[in-house]
Amino acid sequence: MKKKKETIAFVCDMVITMDSKDVMSEGVIIEDGIISQIGSRDFIKKLAEEKKIQVMDLPGKTILPGLHDCHVHVMGTGLASIGTDLYSCRSVKEVLSALKEEGKKKTEGWICGVRLDESKLSEKRPPSLQELTECFPDRGVYLIDRGLHYTVLNQKAYDEIGLSGTEKGLGREENGNPNGRMHEEANQKARNYFNQHMTKEQRKSAVKSVEKEALKKGITTIHAMEGGEMFSDQDISVFYDLEEENDVDFVLYWDTLEIDQVIERGLPRIGTDLLSDGSIGSRTAAFDEPYADQPDTCGKLYFTDEFMTAFIEKALKNHLQCGFHAIGQKGIRQVLDCYEKAVEKYPQTDARFRIEHFGFCDERDIERAAKNHIIISTQPAFSYLRGGPGSVYQIRTGKERERKAYPNRLFLEYGITVAGGSDSNVTPMDPLLGIHAAVNHPYPEHRVKVGQALRMFTIDGAYSAFEEKKKGSIELGKMGDLVVLSANPYLVRGDQIKDIAVEMTIKEGRIVYSRTLAEKIEQ
């Protein structure tokens, strides 16, 4: 059932409109879900009284457009609702203990663990197949790393999946036996098996759990990176099934290589989290030079130039927005090379081609991205949580490369549109943390201004999905999507932005989250 669009007025200390003129106001009226008036507190109150519109007075509060998270793996994030979160574990022993507790709560089926981060474990490795099997000889165990680039299995899961032992990326002990760790083809096979065996109700539960958390963070629009080899194409229909009842807009980015299927569905986009390379944590992001802590690898490119170019050409020919994930300098360079070849054949005036992450880049490739009007969809919390002196990024890549990573200020200086996201569940789905992270990058030369960071998660986020005419700013005729904050991001100290609370989230005039009400319910 389609949710009702409301008529309501809000007044507060400051309305930050994020429009092209950086207008600041004190109030807004939403009629039938659409913004109809913006103005001073007195003007809005007077007009609302004349029209007999309810006014919600919010002294001391600040209103922003509803926030965007431009990169979320909704199903991957929602797996936490059917698994256990391992991110806080600090040793293999703690991981095994957490899994045992999960096994006590859920006595049937596979045991699933998510957000495993081996860099935080004292052993600097995940649990082995043998360790997991000793704890769970009769139940499958399936662990997903924080970056979504590898999985870990026990013997029961290994056997049930039907791995042949010849798959690329199959981790092995020194004696040649499988160690349970799966990359590349082995990882895809394991993920596909697990995802294909989720029920439709589990899938719906995953989406609804993500929606609930998003509303708490002021998010009204999520760019959902779904389906394909990373997850399951069965997920796609779930988003259509829930479309009428959701309080968050899910902009679906189907991460498939099957362009004809996307066209048949009527989607205007494909990808854009198709993996050109891997991640820093798993040492699979592609570089020219070896990893500092493992000199026998430079990472990996997952596609040939010929395949990637042909794919982009077909997407452009069919007027589909598309893009790729690229973290290492070699992955970024490949995507740019292939896009430039494709656009020569199918020139575009407004393709809004996206590169997700654009992490460890050469400046000449930033210049190329700007020249080609490419959108960088990046995650400021990556560097804030994983970068800086002594960090896993620095350990993996060395001081010089790590210092240059995720240079958000340089992206903006070149005139590139930058969209902000979380890559949840790699980092928390929390735009205020992302804004804070962009302003407080570990290295001062990469820090951006508050207003620039706000744009990443509002108007520029909307632009990255061709939605800037109806979302992303508080302007007449746009959707009444708002977030009410406890403080003004422009007025708090820069190191306190992440501590600002989301007081309310409003979707087309409906109050879909209230912190006060939520606290009362919890009590």
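Let's start with two helices: α10 (residues 305–317) and α11 (residues 329–345) pack at an angle of about 45°, with axes 8 Å apart. That makes α10 oblique to α11, since oblique covers what is left after roughly parallel (under 35 degrees), roughly antiparallel (over 145) and roughly perpendicular (65 to 115). This is a predicted model, where local features need pLDDT of at least 70 and side-chain atom pairs count only at pLDDT 80 or more, while totals for chains, interfaces and linings use all residues. Residues are numbered from 1 along each chain as its sequence is written, and side-chain values use heavy atoms, leaving out hydrogens and water.

**The helix pair**
- The crossing of α10 and α11 is right-handed, meaning that the near helix is turned clockwise from the far one by less than a right angle.
- Residues in contact (heavy atoms within 4.5 Å) include M308, I312 and L316 of α10 and V335, Y339 and A342 of α11.
- The contact residues divide into 8 nonpolar, 2 polar and 4 charged.

**The sheet**
- An open sheet of 7 strands (DSSP E runs of at least two residues) has the order β3-β2-β1-β4-β19-β20-β21, with mixed pairing.
- At the edges stand β3 (34–39) and β21 (510–514), each with a single partner strand, so one side of each has no neighbour in the sheet.
- On average, neighbouring strands of this sheet are turned by 35° against each other, direction ignored.

- Strands β1 (residues 8–16) and β4 (residues 55–65) pair in the parallel sense over 6 bridges; pairing takes at least two bridges found by DSSP.
- Opposite V11 stands D57 in β4.

Notes. Axes fitted to C-alpha atoms, helices over the stretch in contact; angles between N-to-C directions. Helix = DSSP H or I, 4+ residues; strand = E, 2+ residues; numbered from the N terminus. Nonpolar A, V, L, I, M, F, W, Y, C, P; charged D, E, K, R; others polar.
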